[in-house]
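Subject: Structure handover

Hello,

Here is the structure I promised to pass on. Please open it and keep it beside you as you read.

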Amino acid sequence: MATSVKTIALCGIDGQIVDVQIHIGTGLVAFNIVGLPDGAVRESKERIRAAFSSLGFSLPAKRITVNLAPADLAKVGSHYDLPIAVGILSALGAVPESVLQDALFMGELSLDGCLTPTAGVLPASIAAHTHGLKSIFCPKANAKEAAWADIQAFGVTDLKTLMGHFKGDSALTPEAATLIEEDSSNRLDFADVKGQKQARRAAEIAAAGGHNMLMCGPPGAGKSMIAKRIPSILPPLNSKEALEATMLYSVSGLLGKEGLVKQRPFREPHHSTSHVAMSGGGHKAKPGEMSLAHNGVLFLDELPEFQRQVLETLRQPIETGHITVARANAHVQYPARFQLIAAMNPSPCGYLGHPHIPCTSTPQQIQKYRAKISGPLLDRMDLYIELPVLCAQELTSQEKSESSAEILQRVLKARALQEARYKGKASCNAAAPDDLLQQHTQLCPKGEDMMKRAIEKFHLSGRGYFRTLRLARSIADLDASGTILPQHIAEALSYRYQPYKG
Ligand SMILES: Nc1ncnc2c1ncn2[C@@H]1O[C@H](COP(=O)(O)OP(=O)(O)O)[C@@H](O)[C@H]1O
Ligand SMILES: [Mg+2]
């Protein structure tokens with residue numbers, strides 16, 4: 001009879017239950033792991049051997065076979081150590097088999113028998129709950145995230161403590177889930193941004209409707225400053241959004257001590273970022289920057305400096321809100337609904353259009369620089385804004401600008417209108433599908449006429465039309481206006497990138 005212990009195999013953020021079957025029999029002394037294990041899983045026997053000796057145990061001089069079922073599913077990662085070790089202990093009679101029935105085990109062992117933090121504990125505990133299991137045993141450092149699923153989450157420091165728990169010597173207590181309380185301390189504030197009225201207004205609209213924004217301006221105008229302050233005017237994460245983000249950070253192994261993503265993600269990858277780091281993939285098909293920015297902001301500073309191939313990968317997730325990552329033998333889908341905020345200089349030297357400093361870039365250099373950002377990507381930028389150079393009076397002024405808290409109040413009112421409008425079908429105007437948007441968009445006859453003229457004058461694409469409409473909807477929401485009025489459309493149109501202007 002083989003002993004069986006349950007664990008998990010991760011496919012993106014979906015977990016599949018894996019049955020770890022242990023057979024200890026007679027024959028040549030060996031320790032074999034079968035069932036498509038990868039390198040890290042095969043090496044687990046060495047960690048288990050060492051961890052056992054820390055308990056004062058040694059592996060029996062018998063033929064140990066570990067089968068990871070289903071055998072045709074690739075097993076990747078180091079979290080199979082704990083279920084294999086527990087299975088062997090049970091087969092040896094040191095752990096009663098009855099305690100393994102309704103539990104899931106995952107964790108990596110160090111040589112002294114301690115459990116080290118592992119990635120993907122939240123998806124594992126959710127899968128365990130879905131399969132009707134009652135508890136999960138995982139490394140202590142991951143127990144808080146495990147507690148998010150409606151299941152008993154036991155944090156284990158080392159193998160010895162776990163044995164003590166099963167013997168009834170020192171029972172472990174299940175971890176309680178932490179409450180979502182946003183930590184807004186050390187947030188950057190819009191009160192520090194001097195001048196730049198138009199860019200501040202654009203940032204407010206972007207926050208109100210979740211729109212993408214591209215800022216263009218000379219060095220030191222405040223582009224990065226504004227972008228970094230956008231999270232301070234976005235609504236706090238709701239529990240569904242927090243859980244989604246936590247899942248992605250969990251499989252990436254990036255969750256902090258609290259085991260929960262509490263703040264809206266803000267990702268700021270460097271322009272040398274590779275295609276794989278941006279979209280996800282690699283050996284373990286981990287989520288990329290676009291997925292780590294899910295439900296938050298993806299800030300790309302110095303946009304034209306990114307590789308063109310990297311920028312093009314943004315296009316599809318901007319439309320669909322998810323990205324499919326190909327692995328050798330599987331496709332993994334990760335959510336990636338992010339708000340894209342980007343910044344660029346007007347020319348490679350940075351001073352094109354500067355009132356005092358001459359631009360030293362040649363027309364060819366400027367053209368090459370700008371051509372890095374393709375038309376389809378520009379078409380997806382809802383707000384294009386040019387920042388002027390700050391004047392001496394603005395720079396030296398001691399007056400504080402309007403604070404983030406004040407702007408946030410207006411954004412929250414606009415978001416409440418969107419929530420009531422879409423009733424859970426979309427989180428904000430930017431995420432509303434075209435048909436849903438049209439159902440809820442009333443234009444007055446003058447506004448309709450204006451839109452028609454704009455399509456002809458600015459050669460708006462189909463996407464451009466709907467994006468302008470969405471933006472106008474957000475501007476009207478900030479105005480608490482049910483109908484989209486001509487002034488809302490006019491303002492929305494003023495933010496569209498016009499190629500002949502640039
Ligand atoms: N509008 C502004 N208000 C206040 N300080 C500013 C402003 N613009 C730039 N600065 C100062 O200059 C620094 C660089 O600004 P930054 O936002 O990085 O410029 P950019 O990204 O446009 O090149 C900021 O850290 C800040 O100290
Ligand atoms: Mg900058």
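Below are notes on the domains, a pair of helices and the ligand.

Please keep in mind that this is a predicted model.

Domains first. The protein chain is split into domain 1 (3–167) and domain 2 (190–424). Their C-alpha centres are 41 Å apart. Domain 1 puts 15 residues into the contact, and domain 2 puts in 19 residues. Look at the domain 1 side. Three elements there give two or more residues: strand 1 (3–11), helix 4 (121–130) and helix 5 (143–146). Helix 4 gives the most, with 3 residues. By class, this side of domain 1 has 10 nonpolar, 3 polar and 2 charged residues.

Find helix 17 (residues 404–422) and helix 20 (residues 462–478). Their axes come within 8 Å and cross at roughly 115°. The crossing is right-handed. Helix 17 makes the contact with R410, A414, L417 and Q418. Helix 20 answers with S474, D477 and L478. By class, the contact between helix 17 and helix 20 has 3 nonpolar, 2 polar and 2 charged residues.

Last, the ligand. Which residues are closest to ligand 1? They are K194, G222, K223, S224 and M225, out of 15 residues that surround ligand 1. Helix 8 (residues 223–229) supplies the largest share of this shell, 3 residues. By class, the shell around ligand 1 has 6 nonpolar, 6 polar and 3 charged residues.

Best wishes

Definitions and conventions: Residues are numbered from 1 along each chain as its sequence is written. Chains are lettered from A and ligands numbered from 1 in the order in which they are written. This is a predicted model: local features need pLDDT of at least 70, side-chain atom pairs count only at pLDDT 80 or more; totals for chains, interfaces and linings use all residues. A residue is near a molecule or strand if its C-beta atom, placed from the backbone, lies within 6 Å of it. Helices (H or I, at least four residues) and strands (E, at least two) are DSSP runs, numbered from the N terminus. Ala, Val, Leu, Ile, Met, Phe, Trp, Tyr, Cys and Pro count as nonpolar, Asp, Glu, Lys and Arg as charged, and the others, Gly among them, as polar. Axes are lines fitted to C-alpha atoms, for helices over the stretch in contact, and angles run from 0 to 180 degrees between N-to-C directions. A crossing is left-handed if the near helix is turned anticlockwise from the far one by less than a right angle, and right-handed if clockwise. Two residues are in contact if their C-beta atoms, placed from the backbone, lie within 7 Å. Domain bounds come from an automatic or database domain assignment.
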